[in-house]
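Thank you all for coming. Today I would like to walk through one structure slowly, taking its helix contacts and charged pairs in turn.

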Amino acid sequence: MNVEEKVAKIVSKYLGVAENEINNEAHLKDDLNSDPLSLADLVVSLEDEFKIAIPAQDSQKFIKVGDIVEYVSESIGEV
């Protein structure tokens, strides 16, 4: 499973959206109905899954799913 697939699985779990509805262009708030609490839980899960730290100022830049995929990929060196 690659980074994109893992991120989609985590986003699906925390935002209650089917994995097949998640793509890199999906807007977290407008398309996937995220809220600050669900995003906070999502970030913690991403940190656990990928063994990385995501500072709050970085997570605030997550607008689309692709932003998360790009950030995680860079953080774990899979660019």
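Before anything else, a word on terms: a residue is called buried when its relative accessible area is under 20%, exposed when that area is over 50%, and partly exposed in between. Lysine 9 has a relative accessible area of 40%, and therefore it falls into the partly exposed class. Please keep in mind throughout that this is a predicted model.

Let me stay with lysine 9, which forms a salt bridge with glutamate 19, the closest N and O atoms being 3.3 Å apart. This pair links distant parts of the chain, since lysine 9 sits in helix 1 and glutamate 19 in the loop between helix 1 and helix 2, 10 residues apart. Glutamate 19, with a relative accessible area of 37%, is partly exposed.

Glutamate 49 is partly exposed at 39%, and lysine 6 is partly exposed at 28%. In another salt bridge, lysine 61 meets aspartate 58 at 4.0 Å, N to O. Is lysine 61 buried or exposed? At 58% relative accessibility, lysine 61 counts as exposed, whereas aspartate 58, at 18%, counts as buried.

Now to the packing of helices. Two packed helices are described by the angle between their axes and the distance between the axes. The axes of helix 1 and helix 4, the latter covering residues 65–76, come within 10 Å and cross at roughly 130°, and the two helices are therefore oblique to each other. Their crossing is right-handed. On the helix 1 side the contact is made by Val3, Glu4, Val7 and Val11, while helix 4 brings Val65, Ile68, Val69, Val72, Ser73 and Ile76. Sorted by class, this contact has eight nonpolar residues, one polar and one charged.

Finally, two loop residues deserve a look. Asparagine 33, in the loop between helix 1 and helix 2, has a phi near 55°, a positive value in a residue other than glycine, and it is exposed at 62% relative accessibility. Lysine 51, in the loop between helix 2 and helix 3, also has a positive phi, near 55°, and lysine 51 is exposed, with a relative accessible area of 71%.

How values were computed: Residues are numbered from 1 along each chain as its sequence is written. This is a predicted model: local features need pLDDT of at least 70, side-chain atom pairs count only at pLDDT 80 or more; totals for chains, interfaces and linings use all residues. Side-chain values use heavy atoms; hydrogens and water are left out. Helices (H or I, at least four residues) and strands (E, at least two) are DSSP runs, numbered from the N terminus. Buried means under 20% relative accessible area, exposed over 50%, partly exposed in between (1.4 Å probe, protein chains only). Axes are lines fitted to C-alpha atoms, for helices over the stretch in contact, and angles run from 0 to 180 degrees between N-to-C directions. Angles under 35 degrees count as roughly parallel, over 145 as roughly antiparallel, 65 to 115 as roughly perpendicular and the rest as oblique. A crossing is left-handed if the near helix is turned anticlockwise from the far one by less than a right angle, and right-handed if clockwise. Contact means heavy atoms within 4.5 Å. Ala, Val, Leu, Ile, Met, Phe, Trp, Tyr, Cys and Pro count as nonpolar, Asp, Glu, Lys and Arg as charged, and the others, Gly among them, as polar. A salt bridge is a side-chain nitrogen of Lys or Arg within 4 Å of a carboxyl oxygen of Asp or Glu.
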